[in-house]
Amino acid sequence: MRSQTHFRFLLLILALAILTYCFALDSRFAPKNGDEYVYMHIARITADLGQWLPLQSEMEAMRNTKPPLIFWQGITSTDWATNWGLLELRWPSVLYTGLTALFLFLAVGRFSGNAQTGLLAALVWLSFFASYRYGRPYLTDPPEVFFLSLPFFALLYWGRAAFDSRILFPLFAAISIGLGLLYKSFAYVLPACFALLLWYGRWRQWRLIEVLKRDVYKLIVIGLLSLGIFGLWFALDPNPEAIWREFVLGENAGKFGARTSNYFLDLIRGGDSIWLLLLTTVGNAGLFAFVLLSLGWQSWRERAVTDIEERLLWLLVLAFVIVFSLPSQRSGRYLLPIMPALAALIALHWQRLPLWGFRFALVLQLIVLLALTWVSIHLEGGDWASPLLWQYSVWHWLLLSSGIALVIWGFIQTNTTKLMALATCFICYLALNTGLAPLEGQIGRYDAETIARVQDKLVAVPCDFRSKDEEYRLLLPGARLQGYPAGEAANGIDLAKRYPYFTAYAALGAPPAFCDDCQILGKRMEMRARHTQAEILAIIRGEMGQYLFVNEYLIYSPSAVAVASPDACR
C-alpha cells in the first residue's frame with residue numbers, strides 16, 4: 001500500500017514537472033544561456049536568404065559557430081522564419097528533453113525491474129537545474145544530450161542482445177552519435193566511444209582479448225560512421241574551408257590553448273581548472289547538488305556490492321570527465337550528457353541515500369522561496385511609480401505558500417523528506433517564472449502605436465551580449481536595430497546626440513533625463529542583467545527600482561547627428 005501511495009505521488013510530481021517545463025516557454029525571462037541569441041540570429045539570417053547552407057550571419061566570425069542541425073531545426077520550426085517567436089523556436093527543445101526523460105525511464109525501469117525506479121530517475125533528471133536551464137531554450141544541449149545518451153539507454157534496456165549485436169546496435173549507435181555530433185561538435189565522438197569501450201570492457205569482465213576480437217571493430221565502425229555523418233556538413237556546404245577555419249580550428253582546436261599561463265598550471269588552478277570542472281558538474285544538479293554529493297559517498301561505501309548496471313553508469317561518467325578534462329577550456333556544461341546517468345544512480349540508491357543531502361536541498365529551496373516571497377511583496381507593494389501595474393495572480397502566491405509548506409512538512413515528517421525535496425524543485429522553477437510574469441504583459445511591452453511609429457526606422461538598443469538585438473526584434477517587430485553598449489543605457493542625453501531613435505533606461509520613479517527636444521514615443525519596464533558586485537549588494541538592500549528593474553523609454557531625438565558606429569550586438 002505504501003508503495004502504491006509512493007508511486008501515485010511520483011505521478012503527481014510528473015504532472016508538476018510537465019507543467020513546469022511547458023509553462024511560460026515563450027518568456028524572455030526564462031532561465032537560459034546567452035548563446036540562444038546567437039543561434040536565433042544565424043537561423044533567422046539563413047532563413048531570410050532561403051537556403052539551408054551555407055549558414056549566414058551578420059557577424060563575420062560567428063557563421064559556423066555550430067553544426068547546421070540546430071539552425072535547420074529553428075528554420076523548420078518557424079517555417080523559414082515566417083512564424084518567428086520564442087515558442088516556435090523552443091518547443092523542439094522541450095520535446096527532446098521529454099524524449100530523454102522518457103527513454104531514461106524505460107531503460108532504468110527495464111534493467112532495475114521496477115517502473116517506479118525508472119520514473120524516479122526521469123524526475124530526478126528533470127529536477128536538475130541544468131536540465132531546466134538548458135533543456136527548454138533554443139540551444140544545442142537538448143538534442144545533444146538525447147542523441148548521445150540514446151546508445152547507452154539501448155545497452156541498458158536490451159543488455160546482452162545489444163552488447164552482442166554485430167550490426168544493428170553499432171549502426172544504431174553510429175547514427176545516434178552522428179546526429180549528436182551534427183548538432184554540437186565532432187569532439188563528442190571521443191567521450192562517447194571511450195565510454196562505449198569501457199562498457200564493452202566491463203561487460204566482457206575486462207578480458208582484453210575478447211574485447212579486441214568481438215568489440216573493437218564495432219567501436220571503429222561507430223566512430224567512423226558518426227564522423228561520416230558529421231562530415232556531411234563539409235560535403236553539402238559550398239564553402240567547407242570556412243567550416244574548417246571557423247569551427248574546427250576556431251571553435252574546437254582553440255580550446256586546447258593555454259588560457260592564462262600554461263596548460264598544466266591551468267589544469268590545477270584558476271577558472272578553468274579540473275577542480276572547477278568537477279564543482280560545476282555537481283552544480284548542474286542545482287538544488288539537488290548535496291544529494292549528488294551524498295550519492296558519491298554512498299556509492300563508494302557500497303562499491304563492493306555494486307550491480308553491473310551501476311558500474312556501467314559510473315564508467316560513463318568517468319569517461320566524459322576524463323575526456324573533457326583535457327581541453328584547457330573546461331565547463332560543467334560540456335558534461336550535461338552524463339547528468340541522466342547521475343540521475344539514474346540517485347534513483348537506484350534512493351532508499352539508501354542519507355537524509356542530509358535532501359535536507360540541504362530543502363534548505364536551499366526555502367532560501368529561494370523566501371527570497372522570491374520577499375521580492376514579490378516588495379514589487380507588488382513597493383514604492384514604484386505606478387505600483388498597481390505590477391499585480392501577481394493568486395497562483396503565484398499559492399505556489400510560494402505551497403512550496404514553503406512542503407519544505408516545512410519535509411523537515412517535520414522525515415519519511416516524506418525525499419519526495420518533498422523532489423517536488424519542491426519544480427515549484428521553485430515555476431515560481432521563478434510566475435514572479436516575472438507581469439513583465440510579460442502590458443507593463444513590459446510597447447503598445448501597438450509605439451511599434452507602428454518605428455516601422456522601418458533604425459533604432460539603437462542596449463546590448464550586453466552578442467545578438468541581444470534578437471530579443472528586441474520580438475519587442476519592436478518591423479524596426480531596424482543597431483546595438484550600443486548596455487553600460488551607456490542610462491545616459492539618455494549622450495545617446496540623443498548620436499541616435500535619432502533609441503531606447504534608454506531610467507530608474508523607476510525618477511524622471512527620465514533626455515534632451516530638451518526629445519520625444520518619448522513609448523515606455524515599458526525592463527529587468528536588467530549582468531550586475532556589478534556593488535549593484536547586487538544594493539539589490540539585496542532593496543534598491544530594486546534602480547538596479548534590477550528600470551523603466552525603458554523609446555525616444556525620438558530630432559536634433560541627433562547620426563554617426564556611423566560599430567554595432568555592439570555584433
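Select Phe163 to begin: at 1% relative accessibility this residue counts as buried, where buried means under 20% relative accessible area, exposed over 50% and partly exposed in between, with a 1.4 Å probe and protein chains only. The model is a predicted one, in which local features need pLDDT of at least 70 and side-chain atom pairs count only at pLDDT 80 or more, while totals for chains, interfaces and linings use all residues. Residues are numbered from 1 along each chain as its sequence is written, and side-chain values use heavy atoms, with hydrogens and water left out.

**Aromatic pairs**

Rings of Phe, Tyr and Trp (its six-membered ring) pair if their centres lie within 6.5 Å, and planes under 30 degrees apart count as stacked, over 60 as edge-to-face and the rest as tilted. Helices (H or I, at least four residues) and strands (E, at least two) are DSSP runs, numbered from the N terminus.

A search of the whole structure finds 38 aromatic pairs, and another one to select is that of Trp52 and Trp72, which is edge-to-face at 5.8 Å centre to centre, with 75° between the planes. Trp52 lies in the loop between α2 (35-48) and α3 (69-77), whereas Trp72 is in helix α3, so the pair ties together parts that are 20 residues apart in sequence. Trp52 itself is partly exposed, with a relative accessible area of 39%.

In the loop between α2 and α3, also select Pro54, where the peptide bond from Leu53 to Pro54 is cis, with omega near -5°.

**Helices α3 and α9**

Now show α3 together with helix α9 (residues 168-183): their axes come within 7 Å and cross at roughly 80°. The axes are lines fitted to C-alpha atoms, for helices over the stretch in contact, and angles run from 0 to 180 degrees between N-to-C directions. α3 and α9 are therefore roughly perpendicular to each other, on a scale where angles under 35 degrees count as roughly parallel, over 145 as roughly antiparallel, 65 to 115 as roughly perpendicular and the rest as oblique. The contact is made by Leu69, Ile70 and Gln73 of α3 and by Leu179, Leu182 and Tyr183 of α9, contact meaning heavy atoms within 4.5 Å.

Tyr183 also belongs to one aromatic cluster with Tyr96, Phe103, Phe146 and Phe147.

Stay in helix α9 and select Phe169, which is buried, with a relative accessible area of 5%. Not counting residues up to four places away in sequence, Phe169 touches Pro151, Ala154, Leu155, Ala162, Leu196 and Tyr200. The C-alpha atoms of Phe169 and Ala154 are separated by 8.3 Å, although the two are 15 residues apart along the chain.

**Charges over rings**

Next select Arg110 and Tyr157, where the charged end of Arg110 sits over the ring of Tyr157, 4.4 Å from its centre. A charge sits over a ring if NZ of Lys or CZ of Arg is within 6 Å of the ring centre and within 35 degrees of the ring normal. Then move to Trp300 in helix α16 (residues 289-301), where the charged end of Arg303 sits over the ring of Trp300, 4.0 Å from its centre. At 53% relative accessibility, Trp300 counts as exposed.

**The five-stranded sheet**

Continue to an open sheet of five strands, which has the order β2-β1-β3-β5-β4, with mixed pairing; two strands pair if DSSP finds at least two bridges between them. The edge strands are β2 (480-485) and β4 (519-527), each of which pairs on one side only.

Select β5 (residues 549-556), which runs antiparallel to β4 and is joined to β4 by eight bridges; the bridge partner of Arg524 in β5 is Glu552. Strand β3 (residues 501-507) pairs with β5 in the antiparallel sense over seven bridges, and Phe502 stands opposite Ile555 in β5. Seven of the eight residues of β5 are buried, so β5 is largely enclosed by the rest of the structure.

**Two positive phi values**

Finish with Ala24, in the loop between α1 (2-22) and α2, which has a positive phi of about 50° although it is not a glycine. Asp79, in the loop between α3 and α4 (86-112), has a positive phi near 55° and is likewise a residue other than glycine. Ala24 counts as partly exposed at 22% relative accessibility, and Asp79 counts as partly exposed at 43%.
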